[in-house]
Amino acid sequence: IRMKIKNHIPNFITLLNLFCGCLAIVAAFKYDLTIAALLVFAGGFFDYFDGTAARLLNAKSDIGKELDSLADVVTFGVVPSIIVFQLFNQNIADFPIFENNKFLTFAPFLLALFSAIRLAKFNIDDRQTVSFLGLPTPANAIFWASAPLIVYFSKNPLNFGSNFLILFLADLFQNPYFLISMTIIMSILLVVELPLFSLKFKDFNIKNNLFRFIFLILSLLLLITLNVSSLPIIILLYIILSIIQQITL
């Protein structure tokens, strides 16, 4: 019995990720976008530790792998789509092109569709054990979940990073043209076979992990200096450093 319970602990943690995603959907449809964003980060926490728990408990299973993807498509696919959808619809009144073409307001759900494709590809692709091909869904979710937080702190300043930067990013994330453009770009990045390094360390040799160390150090510095406004920048930094790594290999 104890062995059976141990084997289900990682799956329970995965279900906590899914539960966060479900709560985030409710919050997002109620326009509690900051709560939805925080629940995405909570889901990311559980998503990281379900794999860690599976390794520590030696409780990896096929059902755990599939369950993880099902949870991820909700928390990191559907929820970001709804967040962008709500941001989009909150700010289209001054943009007649969107008011007159209502079908464009559903463009944010491309994120959910392409996240599902990305996760399905990941499950059957044995090339992605130590690195990724395409943007991981949690990274995409962090990019979009940062938007409501940036908008919130631009209106309720608490010395969160550069005032100019947070105001600039808040304006961007409330601009329908930016939202639809980035939705298309991020959707493509989810499925394109662009090699991106993972943050899994096999060892701590500097030469073998140079770009991982650079990314972690720069990310920490950005978080310290820019706080919440650093989050989308960190995701873009991750993509840029991965491209540089591929060019220099």
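Helices here are DSSP runs of H or I with at least four residues, strands are runs of E with at least two, and both are numbered from the N terminus. With that settled, let's start at Pro176, which sits in helix H8.

A quick word on the model. It is predicted, so local features need pLDDT of at least 70 and side-chain atom pairs count only at pLDDT 80 or more, while totals for chains, interfaces and linings use all residues. Residues are numbered from 1 along each chain as its sequence is written, and side-chain values use heavy atoms, with hydrogens and water left out.

Back to Pro176. Is Pro176 buried or exposed? Pro176 is buried, at a relative accessible area of 0%. Buried means under 20% relative accessible area, exposed means over 50%, and partly exposed is in between, with a 1.4 Å probe and protein chains only. The C-alpha of Pro176 is 9.2 Å from that of Gln90, and the two residues are 86 apart along the chain.

That brings us to the pairing of H3 and H8. H3 covers residues 62-90, and H8 covers residues 176-191. Their axes come within 9 Å and cross at roughly 155°. Axes are lines fitted to C-alpha atoms, for helices over the stretch in contact, and angles run from 0 to 180 degrees between N-to-C directions. H3 and H8 are therefore roughly antiparallel. The cut-offs are these: under 35 degrees is roughly parallel, over 145 roughly antiparallel, 65 to 115 roughly perpendicular, and the rest oblique. The crossing of H3 with H8 is left-handed. Left-handed means the near helix is turned anticlockwise from the far one by less than a right angle; clockwise would be right-handed.

Which residues of H3 and H8 meet? From H3, they are Val84, Leu87 and Phe88. From H8, they are Pro176, Leu179, Ile180 and Thr183. Contact means heavy atoms within 4.5 Å. The residues of this contact divide into six nonpolar, one polar and no charged. Ala, Val, Leu, Ile, Met, Phe, Trp, Tyr, Cys and Pro count as nonpolar, Asp, Glu, Lys and Arg as charged, and the others, Gly among them, as polar.

Next, H3 again, with H2 as its partner. H2 spans residues 33-56, and the axes of H2 and H3 come within 11 Å, crossing at roughly 160°. So H2 is roughly antiparallel to H3. This crossing is left-handed. The contact includes Asp47 and Asp50 from H2, and Asp68 and Asp72 from H3. Its residues divide into eight nonpolar, five polar and four charged.

Pro80 lies in H3 and counts as buried, at 1% relative accessibility. Leaving aside neighbours within four places in sequence, Pro80 contacts Thr75, Leu111, Ala141 and Trp144. Ser69 is buried, at 9%. Leaving out residues up to four places away in sequence, Ser69 touches Leu119 and Asn123.

Now H6, residues 137-155. H6 has 19 residues and reaches 28 Å from its first C-alpha to its last, close to the expected 27 Å. That expected span is 1.5 Å times one less than the number of residues. How many of the 19 residues of H6 are buried? The count is 15, so H6 is largely enclosed by the rest of the structure.

H6 packs with H7, residues 163-173, the axes coming within 9 Å and crossing at roughly 120°. That makes H6 oblique to H7. The crossing of H6 and H7 is left-handed. Among the residues that meet are Phe143, Trp144 and Phe153 in H6, and Ile166, Leu167 and Phe173 in H7. The contact residues divide into 11 nonpolar, two polar and no charged.

Last, the loops. Most residues other than glycine have a negative phi. Tyr31 has a positive phi of about 65°. Tyr31 is in the loop between H1 and H2 and is partly exposed, at 40%. Asn227 has a positive phi too, near 55°. Asn227 lies in the loop between H9 and H10 and is partly exposed, at 27%.
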